[in-house]
Amino acid sequence: MTGIFTVPTTGRYAFEATINYSTTAVITVGLGAGINPSFAIRQNATTNLISGLFPLLNVNIIAVLNLRTILGNGTVTLAGEVDLNAGDTIDLFYNANGLTIGLTLGGANSGGIVWSCHRIS
């Protein structure tokens with residue numbers, strides 16, 4: 001299995017994905033304002049159809065400490081409907097967007113990664 005779905009028939013499709021993750025080490029560095037890691041369901045390895053950002057902690061403590069980082073364990077959920085053509089390929093993609101923290105995709109001791117597709121018209 002490659003993890004790539006090839007659309008058999010032109011039509012409208014519903015996609016759902018639940019991606020659990022955990023960091024591989026204690027988080028010791030904050031994220032810059034422009035770093036927004038995400039997951040996406042992509043069409044033909046280039047076009048994001050449905051995307052979702054990692055959950056972030058973004059706190060300013062009495063103007064002394066600014067903290068912006070991903071959570072050590074979390075879940076990103078994607079859901080939506082899209083029109084596709086026969087032969088399109090669909091994949092689930094991780095976009096680090098500058099995140100340098102190691103991750104266990106599927107999460108440690110969690111529900112893993114589950115995604116599904118249903119043709120609705």
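These are my notebook entries on a predicted model.

**Ground rules**

I number residues from 1 along each chain as its sequence is written. The model is predicted, so I take local features only at pLDDT of at least 70 and side-chain atom pairs only at pLDDT 80 or more, while totals for chains, interfaces and linings use all residues; side-chain values use heavy atoms, with hydrogens and water left out.

**Confidence**

I looked up pLDDT, the predictor's confidence in each residue, from 0 to 100. The mean for the protein chain is 90. I find 98% of its residues at 70 or more. Strand β3 has the highest confidence, at 97. Strand β6 has the lowest, at a mean of 81. I take strands as DSSP runs of E, at least two residues, numbered from the N terminus.

**The sheet**

I traced an open sheet of four strands. The order is β1-β8-β3-β4, and the pairing is antiparallel. Two strands count as paired if DSSP finds at least two bridges between them. Which strands stand at the edges? They are β1 (5–6) and β4 (47–53). Each has a single partner strand, so one side of each is left without a neighbour in the sheet.

Next I checked β3 (residues 38–43) against β8 (residues 89–95). They pair in the antiparallel sense over six bridges. I picked out Ile 41, and its bridge partner in β8 is Leu 92. As a reminder to myself, strands of a sheet pair through backbone hydrogen bonds, either parallel or antiparallel.

**Salt bridges**

How many salt bridges does a search of the whole structure find? I get three. The criterion is a side-chain nitrogen of Lys or Arg within 4 Å of a carboxyl oxygen of Asp or Glu.

I started with Asp 91 and Arg 42, whose side chains meet at 2.8 Å, N to O. Asp 91 is in strand β8 and Arg 42 in strand β3, 49 residues apart, and the pair links distant parts of the chain. I then asked for burial (buried is under 20% relative accessible area, exposed over 50%, partly exposed in between; 1.4 Å probe, protein chains only). Asp 91 is buried, with a relative accessible area of 11%. Arg 42 is buried too, at 13%. 

Then I turned to Arg 12. Glu 81 forms a salt bridge with Arg 12, with the closest N and O atoms 3.3 Å apart. Glu 81 lies in strand β7 and Arg 12 in strand β2 (residues 11–23), so the pair ties together parts that are 69 residues apart in sequence. Asp 83 also forms a salt bridge with Arg 12, at 3.2 Å between the closest N and O atoms. Asp 83 lies in strand β7, so this pair ties together parts that are 71 residues apart in sequence.

Arg 12 is partly exposed at 26%. Glu 81 is partly exposed at 46%. Asp 83 counts as exposed at 55%. Through shared partners, Arg 12, Glu 81 and Asp 83 join into one network.

**Nonpolar surface patch**

I looked for a nonpolar patch on the surface. The rule is residues with over 30% relative accessible area and no salt bridge, with nonpolar side chains (Val, Leu, Ile, Met, Phe, Trp, Tyr) joined within 5 Å. The members are Leu 57, Ile 61, Ile 62, Val 64, Leu 65, Leu 67 and Leu 71. Together they have about 650 Å² of accessible area, from the Shrake-Rupley method with a 1.4 Å probe. Strands β5 (56–61) and β6 (65–70) each give two or more residues to the patch. Leu 71 is in the loop between β6 and β7 (73–84). At 34% relative accessibility, Leu 71 counts as partly exposed.

**Positive phi**

Asn 44 has a positive phi of about 55°, although it is not a glycine. Asn 44 is in the loop between β3 and β4 and counts as partly exposed, at 35%. Asn 97 has a positive phi of about 50°, and it is not a glycine either. Asn 97 lies in the loop between β8 and β9 (103–105). Its relative accessibility is 34%, which counts as partly exposed.

**Val 114**

Last, I looked up Val 114, in strand β10 (residues 113–119). Is Val 114 buried or exposed? It is exposed, with a relative accessible area of 52%. Leaving aside neighbours within four places in sequence, Val 114 is in contact (heavy atoms within 4.5 Å) with Glu 16, Ala 17 and Thr 18. I also checked Gly 52, which is 62 residues from Val 114 in sequence and 15 Å away in space, C-alpha to C-alpha.

Note on methods
Patch = residues over 30% accessible without salt bridge, like charges linked within 9 Å, V, L, I, M, F, W, Y side chains within 5 Å.
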